[in-house]
Amino acid sequence: MITCSVNYKAPLHKCIPNASSLEFNRKGRASSVVMAGFVHGLSVHGPSVVATKKMGEMFSRRLSEDLTCLITWVNENPKRNLLTAVVAEPTWDYRLITALRTLGRTCYIIVWHSDATEDGIARIQAFQSGANMVTNNPEHLHEALQRVTSIHGNGDLSCPWCGLGGFSEHELWRHQPLYHIYEPDKLDSPCPACHKRTSRLTRHINLYHGPTQLVDERTGVFALAVVRRPEDGKFLMVQERYGEGYWLPGGGVDTGESLRQGAMREAWEEAGADIVVTGILTVESLHRGLWRRVIFLAEPVPFLANRDNGGEAAADPALTISDTDPAAVRAASSFAAADAAGSLRHRYRCKTLPDVESAGACWVAVEELEALPLRSTSEPLTWIPWVANGGRVLPLNPEAVPEVARTFPDFQL
């Protein structure tokens with residue numbers, strides 16, 4: 001198992017390619033050879049640095065924390081040397097995130113913080129400073145590192161967002177939401193893979209250039225959920241793509257789904273949370289029924305890390321913390337003790353790995369809402385305070401709520 005030590009300071013020669021990747025020009029001076037494929041380098045920052053078991057196998061270069069060293073390595077071959085930086089400071093170090101972002105748009109910055117899904121304002125500020133991902137989930141961290149290093153760069157397509165070239169069709173499909181889902185979408189832009197002009201390039205790439213082609217189905221029926229955590233009354237909010245702020249989990253209901261199934265699926269896709277619907281808040285219909293929506297009340301289902309072991313969470317073998325730093329050991333011990341006591345952030349995990357659906361999710365207290373950037377104020381500022389203040393909730397009974405059958409005669413509740 002590889003352990004990341006915060007005191008690791010690589011000398012400068014460790015930050016540039018090995019001699020085997022250099023050639024000598026006619027004057028005997030070394031110059032870089034442009035090698036096929038990307039070279040993935042990893043730099044970790046902070047006293048409680050996390051690492052995955054196979055990190056050494058995933059990354060071809062382990063780099064220093066020193067920014068000068070990182071600049072040297074990135075600039076040595078800017079079209080091929082790709083840096084992934086993990087920022088694991090005990091506080092939200094926005095200055096470090098901003099400094100790392102100056103290394104280029106292709107630098108992938110992961111912020112590891114225990115409050116990644118509990119502090120909605122700090123989470124947004126990290127993204128605004130330049131982070132690509134904010135997490136406290138070792139499985140999501142491991143998956144992100146795997147996705148980054150699975151992009152080998154042996155194709156001929158370029159990313160319209162950052163200009164990096166060398167992607168295959170499927171690598172572009174993986175790269176775009178991982179690196180750029182928080183950036184504005186490309187509107188009326190040609191697709192680099194098929195050259196079709198589209199009003200939503202992100203959606204187009206996801207639908208038509210992944211491993212399987214998806215169906216762009218729109219029924220005009222939508223289901224949202226106000227998800228309240230029972231222990232402390234916090235609410236689940238989706239960090240929307242394109243930097244649009246937070247909003248309620250929910251979206252379009254597919255043909256063949258019930259309204260509740262649509263809300264549950266959307267909560268999983270957008271917020272990474274299993275939910276159970278407990279009531280109805282409102283039923284709406286506009287444009288002579290061409291646009292219909294239901295907003296549910298729901299609760300999260302506790303995360304079971306090991307369902308085959310009575311639902312008890314097992315120690316995660318993919319995560320280790322440096323045992324050379326006393327502060328890191330104390331932090332690990334307190335975090336483990338909180339998990340053993342059944343902490344909320346462990347039992348009610350939510351999404352922290354960005355994808356085409358969203359940049360992640362967060363649990364938000366009702367008093368935080370006014371300070372949060374919101375995609376739209378009407379739904380969160382109407383229904384979250386309504387629920388928090390004990391407003392009326394309709395039962396999940398079509399007979400008791402006849403407007404459900406009238407509004408959705410073609411959908412089951």
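**Entry 1: the sheet**

I began with an open sheet of three strands in the order 15-14-20, in which the pairing is antiparallel; strands here are DSSP runs of E of at least two residues, numbered from the N terminus, while helices are runs of H or I of at least four, and two strands pair if DSSP finds at least two bridges between them. Strand 15 (246–247) and strand 20 (360–364) stand at the edges with a single partner strand each, so one side of each is left without a neighbour in the sheet.

I note that this is a predicted model, in which local features need pLDDT of at least 70 and side-chain atom pairs count only at pLDDT 80 or more, whereas totals for chains, interfaces and linings use all residues. Residues are numbered from 1 along each chain as its sequence is written, and side-chain values use heavy atoms, with hydrogens and water left out.

Between strand 14 (residues 235–239) and strand 15 I found two bridges, the two strands running antiparallel, with valine 238 opposite tryptophan 247 of strand 15. I then saw that helix 11 (residues 378–388) lies across strand 14 and strand 15, at about 165° to strand 14; the axes are lines fitted to C-alpha atoms, for helices over the stretch in contact, and angles run from 0 to 180 degrees between N-to-C directions.

**Entry 2: the cores**

I looked up the nonpolar cores, each a set of buried Ala, Val, Leu, Ile, Met, Phe, Trp, Tyr and Cys residues joined through side-chain atoms within 4.5 Å, where buried means under 20% relative accessible area (1.4 Å probe, protein chains only). The largest has 45 residues, and those with the most contacts inside it are Leu83, Leu100, Val134, Val226 and Met237. Helix 4 (residues 120–129) gives the most to this core, with four residues. Apart from it lies another core, of 17 residues, among them Val44, Tyr108, Met133 and Leu141.

For valine 134 I listed the contacts (heavy atoms within 4.5 Å) and, not counting residues up to four places away in sequence, found Trp92, Val111, Ala116, Arg123, Ala126, Phe127 and Thr352.

**Entry 3: serine 129**

I turned to serine 129, which is in helix 4 and is buried, with a relative accessible area of 16%. Leaving aside neighbours within four places in sequence, serine 129 is in contact with Tyr94, Ile97, Thr98 and Arg101. I also noted that serine 129 and leucine 96, which are 33 residues apart in sequence, are 8.9 Å apart in space, C-alpha to C-alpha.

Terms used: Buried means under 20% relative accessible area, exposed over 50%, partly exposed in between (1.4 Å probe, protein chains only).
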